[in-house]
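Q: Hi! Could you walk me through this model while I have it open?
A: Happy to, let's take a look together.

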Amino acid sequence: QVQLVESGGGLVQPGGSLRLSCAASNNLFSINAMRWYRQAPGKERDLVATITSGGSTNYADSLKGRFTISRDIAKNTVYLQRSSLKPEDTDVYYCNAHVDYGVAYKKDYWGQGTQVTVSS
């Protein structure tokens with residue numbers, strides 16, 4: 001079982017920056033991949049970025065260069081950073097933990113989501 005708690009959302013002016021945090025209840029080395037997703041009202045949840053247990057990072061093709069995912073192993077926390085925010089970055093951002101328990105058993109855990117609103 002993995003519990004995730006997100007923080008860092010809120011109202012940000014266009015051109016501003018944000019850093020979202022996702023604190024996991026388990027050691028990050030025990031989680032195969034941590035991911036950030038975002039979701040607009042009435043739309044599907046889209047993958048933003050991934051960081052693996054080995055520290056490798058990957059980004060959605062359409063978002064490369066716009067977001068940065070990182071982690072603090074000592075704090076069991078993963079971060080998502082973005083500068084030069086635009087109104088279209090307004091979404092609910094979700095943290096996800098993917099764990100492979102074995103060949104036939106994998107599970108995804110989700111945080112509660114944090115709202116980011118970019119508006120003047």
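A: Let's start with Ser-84, which lies in the loop between S8 and S9. Strands here are DSSP runs (E, at least two residues), numbered from the N terminus.

Q: Before we go on, what kind of model is it?
A: It is a predicted model, where local features need pLDDT of at least 70, side-chain atom pairs count only at pLDDT 80 or more, and totals for chains, interfaces and linings use all residues. Residues are numbered from 1 along each chain as its sequence is written, and side-chain values use heavy atoms, with hydrogens and water left out.

Q: Thanks. Back to Ser-84: what is its phi?
A: The phi of Ser-84 is near 50 degrees, a positive value in a residue other than glycine.

Q: Is Ser-84 buried, exposed or partly exposed?
A: Ser-84 has a relative accessible area of 44%, so it counts as partly exposed. The cut-offs are under 20% for buried and over 50% for exposed, with partly exposed in between (1.4 Å probe, protein chains only).

Q: How are S7 and S8 paired?
A: They run antiparallel, and six bridges join S7 to S8, which covers residues 77–82. Two strands pair if DSSP finds at least two bridges between them.

Q: What's the bridge partner of Ile-69 in S8?
A: Leu-80 in S8 is the partner of Ile-69.

Q: Which sheet do those strands belong to?
A: An open sheet of four strands, in the order S1-S3-S8-S7, with antiparallel pairing. The edges are S1 (4–7) and S7 (67–72); each has a single partner strand, so one side of each has no neighbour in the sheet. From one strand to the next, the twist averages 20 degrees, with axes being lines fitted to C-alpha atoms and angles running from 0 to 180 degrees between N-to-C directions.

Q: Switching topic: how many disulfides are there?
A: A search of the whole structure finds one, and it joins Cys-22 to Cys-95 with an S to S distance of 2.0 Å. A disulfide here is a pair of cysteine sulfur atoms within 2.5 Å.

Q: Where do Cys-22 and Cys-95 sit in the chain?
A: Cys-22 is in strand S3 (residues 18–24) and Cys-95 in strand S9 (residues 91–100), so the pair links distant parts of the chain, 73 residues apart. Both Cys-22 and Cys-95 are buried.

Q: Left-handed or right-handed?
A: Left-handed, because the torsion about the S-S bond of Cys-22 and Cys-95 is about -80 degrees.

Q: What about aromatic pairs, how many are there?
A: The structure holds three. In one of them, the rings of Phe-67 and Tyr-93 have centres 6.4 Å apart and planes at 45 degrees, so the pair is tilted. Rings of Phe, Tyr and Trp (its six-membered ring) pair if their centres lie within 6.5 Å; planes under 30 degrees apart count as stacked, over 60 as edge-to-face and the rest as tilted.

Q: Which strands hold Phe-67 and Tyr-93?
A: Phe-67 is in S7 and Tyr-93 in S9, 26 residues apart. Both Phe-67 and Tyr-93 are buried.
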